[in-house]
Amino acid sequence: MSTAEAEASQAAISDAEADLLLADLIDQPALVLAVSGGPDSTALLWLAAHWRKRQRRGPKLIAVTVDHGLRPEARREAAAVKRLAGRLGVVHRTLRWTGRKPASGLQHKAREARYRLIAAAAARAGATCVVTAHTIDDQAETILFRLARGSGVVGLAGMARVRPLVMPATGVFLVRPLLEVAKSRLVATLLAAKIAAADDASNRDPRFARTRLRTLMPALVSEGLDARVFARLARRVRRADAAIEFAVAAAASALSDGAADSVWPERGPIMFPAQDFAGLPAEVALRLVGRAIAWVGDEGPVELGKLEALAEALAAALAGPVRFRRTLAGALLTLANGRIIVERAPPRRARAAVRAPRARRQGKRARIGSQR
């Protein structure tokens, strides 16, 4: 990084920059700002409030803080956000995650609860956008985290600037206007404005994987792998992912007699000509099968590792006279009569009832064989 780039990464965000970062939100009726009280989200609150004051028209701002009930300091931090929001002329709401907390996967469950609560608050306020303060540093950590967890192309595309929140059907979207901004610049913005922010000690708790990965970043930076490099990787992967998705849509149409996946039968079966399917690039075939399983199945998202194992077995069956019949995520895949058939799997009890007599027959044959 050059001296000029280093200085720029420490500079406070100007009014002109803030106007550009938030420009595409000007026509929204209302914006919900997710503000935890930490430096990043506090800077978002400050920037958004001053941006709104500079506009002749614009959305109503509502700051929302979620108290997960996990730290005694959380209530005090929410109160501090409320005071700052009041000074800035922004409405504030504190939401609480109540009930028993999970013994494992706490950060993931807390994140799910947070977005669920915020999405509900947005719906009540008539807002279609929830704005968060994710930075380019968060993007780098996310990609590193997903890489460590074995993510595929979709995961390595990182966080998108805009995505549906919770479920697309809610009509609420998550917007990250600061995704190309360094965290250090948000800290500099608060220092220039003389605004204090909370320090969440859990962000340094080594029990959490993200915290442990965060400690690796200085060593990676010394090797040239700074946040900008990870962000550039994410942009390139998103570009490649879009091309693959285009190819998958084309394959779905070509192999389904011109019908795209959006008009597949609700419960199947979905059928593909085996020979044509075998000619698809591996990634396109993988995603097409994944889409079909997700369409007819009833057990939620398809795990990538399990989908890859199934696709490899299917490819082997297509290459030779091998019987293929597998279930995954509530879908049944069969290779028969030159076609790949994807349909809803029978209930688990029915599958178990079919397997039990077969197991008894196999056991009987084994006993007979041992007597010979």
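**Sheet order and helix packing in a predicted model**

User: In this predicted model, what is the strand order of the open sheet of four strands, and which strands stand at its edges?
Analyst: The open sheet has four strands with antiparallel pairing, in the order β7-β10-β9-β8. The twist from one strand to the next averages 15°. A strand with a single partner has one side left without a neighbour in the sheet, and so the edges are β7 (270-273) and β8 (324-328).

User: Over how many bridges do β8 and β9 pair, and which residue of β9 is the bridge partner of arginine 325?
Analyst: Strand β9, residues 331-336, pairs with β8 in the antiparallel sense over five bridges. The bridge partner of arginine 325 in β9 is threonine 334.

User: Which helix packs on the sheet, and what angle does its direction make with that of β8?
Analyst: Touching β8, β9 and β10 (339-344), the helix that packs on the sheet is α14, which covers residues 304-319. The direction of α14 makes with that of β8 an angle of about 170°.

User: Are α3 and α4 roughly parallel or antiparallel, and what is the handedness of their crossing?
Analyst: The axes of α3 (residues 39-54) and α4 (residues 74-88) come within 10 Å and cross at roughly 15°. Because angles under 35 degrees count as roughly parallel, α3 is roughly parallel to α4. The crossing in which α3 passes α4 is right-handed.

User: How many residues in the contact of α3 with α4 are nonpolar?
Analyst: From α3, Thr42, Leu45, Trp46, Ala49, His50 and Lys53 meet Val81, Leu84, Ala85 and Leu88 of α4. Of the residues in this contact, one is charged and two are polar, while the number of nonpolar residues is seven.

Conventions:
Residues are numbered from 1 along each chain as its sequence is written. This is a predicted model: local features need pLDDT of at least 70, side-chain atom pairs count only at pLDDT 80 or more; totals for chains, interfaces and linings use all residues. Side-chain values use heavy atoms; hydrogens and water are left out. Two strands pair if DSSP finds at least two bridges between them. Helices (H or I, at least four residues) and strands (E, at least two) are DSSP runs, numbered from the N terminus. Axes are lines fitted to C-alpha atoms, for helices over the stretch in contact, and angles run from 0 to 180 degrees between N-to-C directions. Contact means heavy atoms within 4.5 Å. Angles under 35 degrees count as roughly parallel, over 145 as roughly antiparallel, 65 to 115 as roughly perpendicular and the rest as oblique. A crossing is left-handed if the near helix is turned anticlockwise from the far one by less than a right angle, and right-handed if clockwise. Ala, Val, Leu, Ile, Met, Phe, Trp, Tyr, Cys and Pro count as nonpolar, Asp, Glu, Lys and Arg as charged, and the others, Gly among them, as polar.
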